[in-house]
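Open the model in your viewer and keep the selection tool at hand.

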Amino acid sequence: MKNQKSKKGKSIILTGDRPTGPLHLGHYVGSLRTRVEMQEKKDYKQFIMIADAQALTDNADNPEKVRQNVLQVALDYLAVGLDPEKSTIFIQSAIPELAELNLFFLNLVTLARLQRNPTVKNEMKQKGFGANVPAGFLTYPVSQAADITAFKGTVVPVGNDQLPILEQVNEIVRKFNLIYGNGNDVLLECKALLSDTVRLSGIDGKAKASKSMNNAIFLSDSPETVKEKVMQMYTDSNHLRISDPGKIKGNIVFEYLDAFDSDKKAVLEMKNHYRRGGLGDVTCKKRLLAVLEKFLNPIRSKRENLAKNPDAIMQILKEGTARARKKAKQTMAEVKTAMKIDYFSKK
Ligand code: TRP
């Protein structure tokens, strides 16, 4: 893939989240942290989308949930330090060009290819759709192609579960350019920007942290809830007595310490002690709790303050959406010209 940049020489970052619940620590280490870093870099321009239309693909019957979580996700973004002056934060459904682009992209994929997408397949299984999968859900990678290409996004900070989606996005881009590009790259291919910790496990140790599995620590959880969740965390089921040697692999407390404790040396010493035996789970959990509280406390108070004025948050989203739409309109005009459906535009 060529290294593609916008005219001003900046690479465009496009990323987003479905507003189906508040964001959790998995989101933070998987992509929020990267976004906060990226917004400081001069060579990048960042668009962050609240993917409400995508959320509706499997929540069509629950618009209230999606509506409420648009605000919750926006609060999470701002609380972790995303700055609307530096990053353009916007609402997907308020940009009709994305729906328009999606419609044309749908002609460039086959049903068989959609059914083969491992991420979608997995999610379908998890959600128990079987044959009754909503068409909008099955085709969400196509709509995601629209989200990314409308902004000429080439860098996409996501968790690694999204890699098969990006692969499909790039197939659509190549096909579009091949058919309509007349030798030009009208649309740009993208690549994932993965964080070091690509996947955080849930507190049960069974799956990755997710709102649907109810095994995540949310950025907005109260200190009491965080404490409860840390104390419930899966460690090593054979570590019965403090004196027993314990396992680190699969031990969620150590996984979270690795992700959040900046004192790597102390963590290493704890791991060695735990392996030898003589270190109790509760001691490890108490350290983790302190580390997490130090991290979550400022986020929590910032969030609580922001939450007092939802109108101001909506205003931020409104302004971000207007800025984002300008960019999507430009791309849409280029797409229509390439597709020879620019009937009434002046040449
Ligand atoms: N699929 C992403 C999620 O489940 C959300 C999303 C929608 C997205 N469009 C996107 C992410 C475009 C990156 C780029 O969280």
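The radius of gyration is taken over C-alpha atoms, and the globule rule is 2.2 Å times the number of residues to the power 0.38. With 347 residues, a compact globule would come near 20 Å; the protein has 22 Å, which agrees. This is a predicted model: local features need pLDDT of at least 70, side-chain atom pairs count only at pLDDT 80 or more, and totals for chains, interfaces and linings use all residues. Residues are numbered from 1 along each chain as its sequence is written, and side-chain values use heavy atoms, with hydrogens and water left out.

**Whole chain**

Show the C-alpha trace. Along the principal axes, the C-alpha atoms fill a box of roughly 80 × 45 × 40 Å. Switch to cartoon. The secondary structure comes to 14 helices and five strands. Helices (H or I, at least four residues) and strands (E, at least two) are DSSP runs, numbered from the N terminus.

Now the surface. The protein exposes about 17,400 Å², and carbon and sulfur atoms supply 52% of that area. Accessible areas come from the Shrake-Rupley method with a 1.4 Å probe; for residues, only the protein chains shown count as cover. Of the 347 residues, 52% count as buried. Buried means under 20% relative accessible area, exposed over 50%, partly exposed in between (1.4 Å probe, protein chains only).

Colour by charge. There are 55 positive and 39 negative charges, and their mean positions are 4 Å apart. Lys and Arg count as positive, Asp and Glu as negative; His and the chain ends are not counted. The place of a charge is NZ of Lys, CZ of Arg, CG of Asp or CD of Glu.

Contact means heavy atoms within 4.5 Å. Among contacts with a separation of 6 or more, 77% are between residues 24 or more positions apart.

**Helix 14 and Ile313**

Select Ile313, in helix 14 (residues 310–338). Ile313 counts as buried at 3% relative accessibility. Which residues does Ile313 touch, not counting those up to four places away in sequence? They are Leu71, Ala74, Leu75, Leu78 and Leu306.

**Asn59**

Go to the loop between helix 2 (52–56) and helix 3 (63–80), where Asn59 sits. Asn59 is buried, at 8% relative accessible area. Leaving aside neighbours within four places in sequence, Asn59 is in contact with Thr20, Lys65 and Val66.

**Two positive phi angles**

Select Lys152, in the loop between helix 8 (140–150) and strand 4 (155–157). Its phi is near 55 degrees, positive in a residue other than glycine. Is Lys152 buried or exposed? Lys152 is buried, with a relative accessible area of 15%.

Next comes Asn214, in the loop between strand 5 (191–193) and helix 10 (223–232). Asn214 has a positive phi of about 55 degrees, although it is not a glycine. Asn214 is exposed, at 65% relative accessible area.

**Gln126**

Move to helix 6 (residues 118–126), which holds Gln126. At 56% relative accessibility, Gln126 counts as exposed.

**Cysteines**

Select Cys190, buried at 3% relative accessible area. Then take Cys284, which counts as buried at 1%. The structure holds zero disulfides, a disulfide being a pair of cysteine sulfur atoms within 2.5 Å.
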